[in-house]
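Dear colleague,

Please find below the structure that I am handing over to you. My notes on what was found in it follow directly after.

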Amino acid sequence: MVARDIREHYLELPAVEETLRSLKLGDVVYLTGILVTMRDRAHLRALEYLSKGQMLPFKLRGKAVYHCGPLAKYEAGRWRVLSAGPTTSLRLEGLMEKIIELLGVQVIVGKGGVGEGTRRALRGRGIYLAFPGGAGALAAKSIEEVEEVYWLDLGMAEAVWVLKVREFGPCIVAVDVKGNTLYKF
Amino acid sequence: MVRWETLSEKVLELIVAAEVSLPSDVKEQLAKLYGKSSGLAKVQLKALLDNVEVAERKRVPICQDTGLLTFYVKKPPWLSAAAVKKVIHEAVRKATREAFLRTNVVHPFTRGVVEDNVGLDNPIIYFEPRDDGEARIDLLVKGAGSENNCIAFSLTPKEGVEGLISAVVDHVARRGGASCPPLIVGVGIGGTLDYAVHLSKRVLFAPINEGGEASELEEKLQREIDRLEIGVMGLGEGPTVMKVKIAYAGCHTASLPVAINIQCWALRRRSLVFNEKGEFTLW
């Protein structure tokens with residue numbers, strides 16, 4: 001194992017291209033801005049909307065798509081997220097390209113890495129960040145507020161949660177803006 | 001006398017404990033790996049340990065994927081299986097209402113959500129009869145990130161142990177990185193194919209800091225898997241595996257069934273032991 005210094009960044013979304021470009025593979029990022037959770041069913045429904053030329057009820061431009069199905073509790077008239085770590089990104093391979101290209105996603109947060117198609121779509125547009133899998137309680141700590149929830153008919157895990165986060169991390173730059181990846185498989 | 005209300009409360013405690021805390025042997029192993037790590041492995045292992053600390057303090061689930069629940073009930077004659085099943089169902093409903101469980105159970109074709117996680121054969125309950133003594137409920141909580149990467153297959157006798165080693169290592173090479181390493185890899189060998197799977201799950205209840213009856217093979221597999229350099233969370237740095245656990249049974253003279261149970265770092269298992277007098281121990 002090579003001992004080396006880890007570069008840390010505090011990244012605010014939306015970010016300018018130069019900022020994204022300055023983030024290198026293996027850098028650690030703490031994210032402030034809006035995360036929009038999307039899993040299998042939300043991707044499928046979003047693609048259905050796009051194929052019909054319909055607008056999505058939520059915006060993704062300048063925001064991060066978070067591969068996550070949170071555990072949330074509704075009490076005193078509002079939602080509170082209790083645990084919200086990442087889900088496996090590779091399960092969504094083949095569903096992300098169009099969404100990245102058409103809707104201006106700058107950052108994808110997930111775990112386990114993405115495939116070639118997604119990397120190609122991210123090239124010149126955005127980056128992929130890996131949040132430690134299973135660290136759901138830690139992730140929930142930096143969620144300040146649930147701004148909105150869409151498509152709750154898909155169930156709690158598959159719904160689209162718009163989350164305001166502060167210094168959400170440690171996220172690791174696992175695919176950079178050039179499409180390079182840390183993953184070997 | 002075991003009062004049903006008390007048992008119901010205890011089973012709820014069992015579920016909550018499994019979801020919001022990590023067994024001490026797993027925590028110790030993680031801390032040990034953290035102590036030896038550097039770079040990105042260290043950053044991430046620190047986050048995992050911090051996460052456990054936050055979850056235990058706030059009593060919120062370690063992982064948002066609160067899994068599917070499998071209960072293994074050691075049932076002495078004085079305990080009614082039907083009553084235990086009812087109590088477990090009740091506790092799962094309550095745990096879902098109180099947001100210790102995400103609504104994870106869906107219909108396999110329609111994907112329609114089972115609102116309280118009870119239905120369509122869930123939670124999964126196995127009864128293991130015993131002639132006398134204490135009753136015991138072992139609970140295994142398993143998320144999809146690692147469960148999706150479990151596999152079972154049959155080797156031929158001539159492929160033997162060497163074939164088994166390369167099959168396990170190849171499988172972890174393909175699927176380990178996305179399963180939240182450092183992993184615990186349960187390997188069930190022998191029996192029928194379904195029994196091999198059962199063994200690969202059940203072996204996770206043995207302490208992970210101790211070797212089993214096939215400890216030499218466990219260590220060999222561990223070394224070979226770590227050589228893959230998948231690393232913490234698949235990012236290429238640090239340990240890939242926390243422990244390999246093997247359980248085996250006799251198999252047919254013409255077969256060699258193997259099951260590989262890929263378990264993420266968050267091994268969520270807890271046990272509740274109780275006797276006829278109504279004395280309970282949870283660990």
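A salt bridge here is a side-chain nitrogen of Lys or Arg within 4 Å of a carboxyl oxygen of Asp or Glu. By that rule B:R202 and B:E128 form a salt bridge, with 3.1 Å from N to O. Please bear in mind throughout that this is a predicted model.

The B:R202 pair and its surroundings

Through shared partners, salt bridges link B:K74, B:E128, B:R136, B:D138 and B:R202 into one network.

B:K74, a member of that network, sits in strand β1 (residues 68-75) of chain B. B:K74 is partly exposed, at 28% relative accessible area. Apart from neighbours within four places in sequence, B:K74 contacts B:E128, B:R130, B:E134, B:A135, B:R136 and B:R202. The C-alpha atom of B:K74 is 37 Å from that of B:G231, a residue 157 positions away along the chain.

Other salt bridges

Over all chains, the structure holds 30 salt bridges. One of them joins A:E48 to A:K52, where the closest N and O atoms are 3.7 Å apart. A:E48 is partly exposed at 45% relative accessibility, whereas A:K52 is exposed, with a relative accessible area of 56%. In chain B, B:K94 pairs with B:E98, and the closest N and O atoms are 3.9 Å apart. B:K94 is partly exposed at 36% relative accessibility, and B:E98 is partly exposed at 31%.

The interface between the chains

How many salt bridges are there between chain B and chain A? The count is 0. Polar contacts do occur across this interface, with 12 residue pairs found where both residues have pLDDT 80 or more. On the side of chain B that touches chain A, helix α3 (residues 39-58) of chain B gives the most, with 11 residues. By class, that side of chain B has 20 nonpolar, 13 polar and 7 charged residues.

In total, 40 residues from chain B and 43 residues from chain A take part in the contact. The area buried between the two chains is about 3100 Å², and carbon and sulfur atoms give 65% of this area. Of the area that chain B buries against chain A, B:Q64, B:R102 and B:L235 supply 20%, more than any other three residues.

Two buried loop residues

A:F131 lies in the loop between β7 (127-130) and α5 (136-141) of chain A. A:F131 is buried, with a relative accessible area of 1%. Not counting residues up to four places away in sequence, A:F131 touches several residues, including A:Y66, A:P86, A:V109, A:L138 and A:F168.

B:T240 is in the loop between α8 (215-226) and β6 (241-248) of chain B. B:T240 is buried, at 0% relative accessible area. A polar atom of the B:T240 side chain lies 3.0 Å from the backbone nitrogen of B:G231. Beyond neighbours within four places in sequence, the contacts of B:T240 include B:P181, B:L183, B:I225 and B:G231.

With kind regards

How values were computed: Residues numbered from 1 in each chain as written. Chains lettered and ligands numbered in written order. Predicted model: local features only at pLDDT ≥ 70, side-chain atom pairs only at ≥ 80, totals over all residues. Heavy atoms only, no water. Helix = DSSP H or I, 4+ residues; strand = E, 2+ residues; numbered from the N terminus. Buried < 20%, exposed > 50% of the residue type's maximum accessible area, 1.4 Å probe, protein only. Contact = heavy atoms within 4.5 Å. Polar contact = N/O pair within 3.5 Å; in protein donor to acceptor, adjacent residues only side chain to side chain. Buried area = accessible area lost by both parts, 1.4 Å probe. Nonpolar A, V, L, I, M, F, W, Y, C, P; charged D, E, K, R; others polar.
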